[in-house]
Amino acid sequence: MDRRMFIRCMGCGAVAAAIPQTDLLPEFLGGLQNACAFDYTKQLSSVEARHYKKLETGGIECRLCPRRCMVTDLERGYCGVRENRGDVYYTLVYGRPCALNIDPIEKKPFFHFYPGTTALSLATAGCNVNCKFCQNWEISQSRPEQTDNLDLPPGTLVDICKQRAIPTLAYTYSEPVIFYEYMYDIAKQGHEKGVKSVIITGGYIEKEPLADLLPQLDAVKVDLKAIRETYYKDVVGGELQPVLDRLIQIKQSGVWLEIVYLVVPTLNDTDAEFRELAQWVKTYLGKDTPVHFSRFHPQYLLKNLPPTPQATLESAYNISRAEGLDFVYLGNLPGHPAESTYCPKCSRVLIERRGYRISRQNLTGNRCNNCQTEIPGLF
Amino acid sequence: MSKVVVVKYYRDARGSGLTRDEYRRLMSVGLHRLTGESDMQKAVRKLIPPGVIGMKTNCLTGKLNSTPVALIDALGDCLDEAGVDDNDMVVWERTSRELAGAGYTLNASGSSRRCLGTDANRIGYSQGFYSSGEVNSLVSRILTDLVDHNINVPVLKDHSIAGLSAGMKNMYGAINNPNKYHGDNCNPFCAHVSALEPVRAKNRLTVIDAVRVQYNGGPGFMSQFLTYYNGVIISDDPAAADRVGLQVLENLRKANGQPPLEKVGRPVKYLVAAGQLGLGEVELSRIEVDVVVVDEDGRPTAGELF
């Protein structure tokens with residue numbers, strides 16, 4: 001196979017699939033073809049991981065996420081992308097993305113972060129949880145040997161952004177926490193060249209690595225998958241409390257934060273849960289934190305459930321608004337009025353959306369054109 | 001009652017290990033005693049119906065402590081003697097890199113005995129998930145599509161999480177997401193992996209290499225914990241083979257001053273789950289353990305497990 005110029009998944013904003021398809025080939029590369037070579041590689045990386053501790057009894061303890069895997073020689077952590085070799089812990093996915101797209105920022109979704117702009121979005125294989133509803137399980141639940149990976153050092157990604165005037169890098173699709181070192185270095189180099197970074201994460205990360213990472217980020221979207229610990233145990237394979245703790249940490253850091261809650265029929269879709277969620281967000285994060293309720297579509301290990309009824313999503317919306325949240329959105333319901341942003345004071349439409357497209361803006365800077373109310377976010 | 005045959009070589013394999021011919025003597029005696037058939041063709045056919053036969057190795061540690069090439073060659077010789085065509089044998093592993101690292105010569109083509117990893121071109125994993133209890137995994141297409149039957153050929157060793165690494169643990173190498181299933185001493189995951197439909201349905205024979213055994217600090221290689229048992233453990237009952245393997249491992253640990261696995265937080269709980277799932281016999285008193293010692297001419301005499 002000709003290695004050069006063969007990029008599996010360089011989509012454009014109009015490409016709807018979150019996971020790039022194998023047949024999306026270099027036609028989207030445009031002028032980049034002459035500027036950059038994108039090579040597939042079978043070689044995994046061998047960059048020493050950060051945030052782990054060598055154990056006196058042999059082996060290491062990974063301290064990147066609350067799972068705190070104890071990993072012995074030649075074994076990997078739960079994420080499948082970090083390996084102990086002679087009690088040195090390595091990340092195998094540094095510079096090895098398996099998905100790369102140019103997406104609208106609204107697709108992440110971020111609705112209060114430079115609306116209408118694009119983000120160069122990337123992921124590697126691996127994840128530190130195993131959500132039964134995962135829409136990207138083909139990469140998130142794979143080990144890096146099982147995906148087709150590109151050889152893309154951090155600087156190359158930043159260069160792509162500069163050359164194509166893409167303002168933001170987005171770490172997304174799988175779980176960016178597991179490619180922490182790669183993400184960190186891209187974000188750092190991006191900042192040095194004026195490219196912003198956002199992360200789309202489950203928030204299942206330890207306090208210290210998050211504290212180190214936050215200064216390199218401009219916005220965080222957390223998938224708060226439920227407000228009940230049992231759901232995290234049974235459906236996600238993780239824990240709720242560390243995620244709640246990290247949400248507070250992010251909010252206190254001042255980095256822009258939005259939340260997505262995927263509403264899964266029969267599993268996390270009661271009015272009581274919507275109310276509990278809204279009250280928690282209002283109490284601990286503030287009423288101006290955007291919350292997106294997203295529609296579930298059956299896939300991966302939950303093909304037995306139906307898509308979320310629109311009425312359930314609207315119930316989530318109404319309850320959250322009634323509890324006092326100012327910015328509540330419904331996702332995966334193209335054309336629904338709750339895709340748009342409304343002024344919390346005068347109720348006028350500030351940003352009118354249809355799917356990922358913005359059809360109208362009534363903001364000047366971050367102020368409502370009608371009543372001059374300041375709207376939280378980065379515009 | 002399940003039967004497990006433990007065949008030990010008369011001399012210490014320390015140094016060069018066993019040769020292909022020496023392994024061949026062990027395998028011949030083992031298969032004959034397991035089946036009660038003196039003819040190799042009858043013995044093999046009693047265990048394995050016609051079709052393509054896979055041989056799943058364990059090559060995690062490269063040449064240091066992986067399924068020996070000599071054992072696989074000897075097993076191939078036995079199948080050859082039984083009339084199995086070379087084209088109907090597939091030596092396989094999770095990745096080709098691991099096989100090559102352990103000294104195997106890769107051969108992904110259809111001519112002669114194949115030797116390849118699941119990552120070889122056009123192989124990969126099943127399109128759909130296989131589920132068993134708490135395990136949901138894609139399974140290597142070598143097992144689902146390429147072979148009709150499987151011989152599991154692991155290495156007996158200590159495992160720092162599971163306690164025991166033998167036959168059932170080796171089948172983690174057949175799934176796409178083994179890293180998800182190491183919690184709680186790999187229990188019940190190890191049993192559930194072995195209960196996945198293609199794993200359970202195609203497993204015909206387990207041959208555990210116990211010539212060199214790492215009794216502590218596994219699965220990574222630690223030479224200071226390596227000892228020699230000089231035998232192979234053979235059974236058509238995967239759970240019984242592992243249960244006897246555990247007994248050998250515990251004895252080797254004791255002989256080398258190591259406490260029982262349970263005392264160091266690594267009880268082999270998944271064997272209990274395997275018994276409950278009906279994967280085989282895990283109660284030692286209900287397993288017929290036939291221990292023989294084979295001399296350089298291949299003559300067997302009765303031996304002791306330890």
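Reader: Which is A:Glu206, buried or exposed?
Author: In this predicted model, A:Glu206 counts as buried, at 15% relative accessibility. Buried means under 20% relative accessible area, exposed over 50%, and partly exposed in between, with a 1.4 Å probe and protein chains only.

Reader: What conventions apply to the numbering and the values?
Author: Residues are numbered from 1 along each chain as its sequence is written, and chains are lettered from A and ligands numbered from 1 in the order in which they are written. Local features need pLDDT of at least 70 and side-chain atom pairs pLDDT 80 or more, while totals for chains, interfaces and linings use all residues; side-chain values use heavy atoms, leaving out hydrogens and water.

Reader: What does the side chain of A:Glu206 meet in a salt bridge?
Author: The partner is A:Arg68, at 2.7 Å from N to O. The two lie 138 residues apart: A:Glu206 in the loop between strand S13 (196-201) and helix H5 (207-213) of chain A, and A:Arg68 in the loop between S5 and S6 of chain A. Helices (H or I, at least four residues) and strands (E, at least two) are DSSP runs, numbered from the N terminus. A salt bridge requires a side-chain nitrogen of Lys or Arg within 4 Å of a carboxyl oxygen of Asp or Glu.

Reader: And A:Arg68, how does its accessibility count?
Author: A:Arg68 counts as partly exposed, at 35%.

Reader: How many salt bridges over all chains?
Author: The search of the whole structure finds 39. Another one joins A:Arg275 and A:Glu323, at 3.5 Å from N to O. As for networks, A:Glu61, A:Arg63, A:Arg68 and A:Glu206 are joined into one by salt bridges that share partners.

Reader: Changing topic: in what order do the strands of the open sheet run?
Author: The order is S4-S5-S6 in chain A, with antiparallel pairing. S4 (52-54) and S6 (70-71) are the edge strands, each pairing on one side only. S4(A) and S5 (residues 60-62) share three bridges; strands pair if DSSP finds at least two bridges between them.

Reader: How many disulfides are there over all chains?
Author: There are zero, a disulfide being a pair of cysteine sulfur atoms within 2.5 Å.

Reader: What pLDDT does chain A average?
Author: Chain A averages 91, and 90% of the residues score at least 70. Over residues 1-35 of chain A, however, the pLDDT is below 50. The pLDDT is the predictor's confidence in each residue, from 0 to 100.

Technical notes
Contact = heavy atoms within 4.5 Å.
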